[in-house]
Amino acid sequence: MPLTGTSTRSSLWREEGSTSMRAIGYFIGTFAAALILGIGSAWYMIERGSPLTTSTVGPWKSWLSEGNPNADPYTRAHLARSGRLPLTSTAARYFAANTDSRGSTLSSGCEYSIVGAPLNARWWSVALYDEYGSLIANPSNRYSFNSEEALRRADGSFRINLSRNARPENWLPSGAGTNRNLVLILRVYGSRDTDISGIGQIPPDRLPKIERVRCG
Amino acid sequence: MRVSLPGLYIALGIVLAGLIHVVAVLTLPTLAPRDAQARLAALGPANTMIQLPPPTPGRQVMPLMAPDVRYAFCRYDLSDGPVRLRAHIADEHWLIGFYTPLGENFYAVVGADMKQPEVDLIIATADQTVAEVGVDSPEAFDNVVVVSSPVVEGIALIRAPLAGSSRSAEAERALKATYCGQHKTSG
């Protein structure tokens, strides 16, 4: 086979004529395209995740083996890039959302209602960040609501109102100033429902819905 | 076998892209300059328990830190022998995670699973012997757990989730009472 390959190439070479400059040009072009494709796909799978590494339920994305010593190379790269120290999925589960339940990007220019069913866990928390992972300054120094402090209804469900201006019930301020993109992180420590390997399971219908109320 | 020239370049491009993809994914963890270890090393020496300042807008040691969890860490270095970690678990929410510099969580102590609130741990590599250290008072060693660390330098991170925003001073006081230091092998 290599012989055939060589002969094919050399015959093609001749067909191309003596314009070897053109061949070099093709080669550089191929290499550049490969570089963009290779790095781009790696970046995407590390930054955004893929079905291999992340589970997606509505707006919530979760890296399944984050922090696990036996994690796949994509998860390991994602973790190293993030600079975080997450617990493995047997101790805690992390869910991140940067869109509402309909898929529009979360923005501080809009108002949202985060409606959650009771979570069967020792402790959970919904925290708000800007797109760079930083907390957002607000006069009441309120950055999150957790299972101990969120006002809940008799059935254990809760509603967190995410908006610029003060709202009743649980108000999570999205900060004044120019519109920014937002990220919500749901942390669930000590989930009581686990699969056989002890990984905390949160039934998909238990993850909070993020409903856009209005914009502007 | 007749292969068209564009086809050949496309095949070559795909193989190259695949190779570059694999190399990029595998080398990235070692190239990330701002990993957790580097961030924590800037805060103080090894083998000492250090409390992380609570994250505030625009200022946090690690990205996406929980605003309602108080943290303390010990960057341990086992090159001079095992390291001791002691903590009085203030409530069942506490979690102690052990990490490699790349952020692999190889061991965790879950507060709710502990029978008593006193946590006494000796962190050692697989080839370090921790035995016979407490010969003079063996009963005091009954509750000591040896954590086998796959790395010589790693991180122990204590999480104290808050039971409410007014409870942070309490959690910080409890974290301050935790200890991390060189384990004395005088025995």
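Predicted model: local features only at pLDDT ≥ 70, side-chain atom pairs only at ≥ 80, totals over all residues.
Visitor: How is chain A divided into domains?
Guide: The assignment gives domain 1, covering 2–46, and domain 2, covering 53–215.

Visitor: And how far apart do the centres of domain 1 and domain 2 of chain A lie?
Guide: Their C-alpha centres are separated by 46 Å.

Visitor: Turning to the partner chain, how many residues of chain A are in contact with chain B?
Guide: On chain A, 51 residues are in contact with 53 residues of chain B. Helix H2 (20–47) of chain A is among the elements giving two or more residues to this side, and H2(A) supplies the largest share, 12 residues. Others that give two or more include helix H1 (2–16) and strand E9 (182–191) of chain A.

Visitor: What about nonpolar, polar and charged residues there?
Guide: On the side of chain A that touches chain B, 29 residues are nonpolar, 15 are polar and 7 are charged.

Visitor: Which residues touch the most other members of the largest nonpolar core?
Guide: In that core of 79 residues, they are A:Leu128, B:Phe73, B:Ile123, B:Ala156 and B:Ile158. Beyond four places in sequence, B:Phe73 is in contact with B:Leu40, B:Ile50, B:Leu52, B:Ile155, B:Ala156 and B:Leu157. A second, separate core has 13 residues, including A:Ile46, A:Ala77, B:Ala17 and B:Ala24.

How values were computed: Residues numbered from 1 in each chain as written. Chains lettered and ligands numbered in written order. Domains from an automatic or database assignment. Contact = placed C-beta atoms within 7 Å. Helix = DSSP H or I, 4+ residues; strand = E, 2+ residues; numbered from the N terminus. Nonpolar A, V, L, I, M, F, W, Y, C, P; charged D, E, K, R; others polar. Core = buried A, V, L, I, M, F, W, Y, C linked by C-beta atoms within 7 Å. Buried ≥ 20, exposed ≤ 12 C-beta atoms within 10 Å, placed from the backbone.
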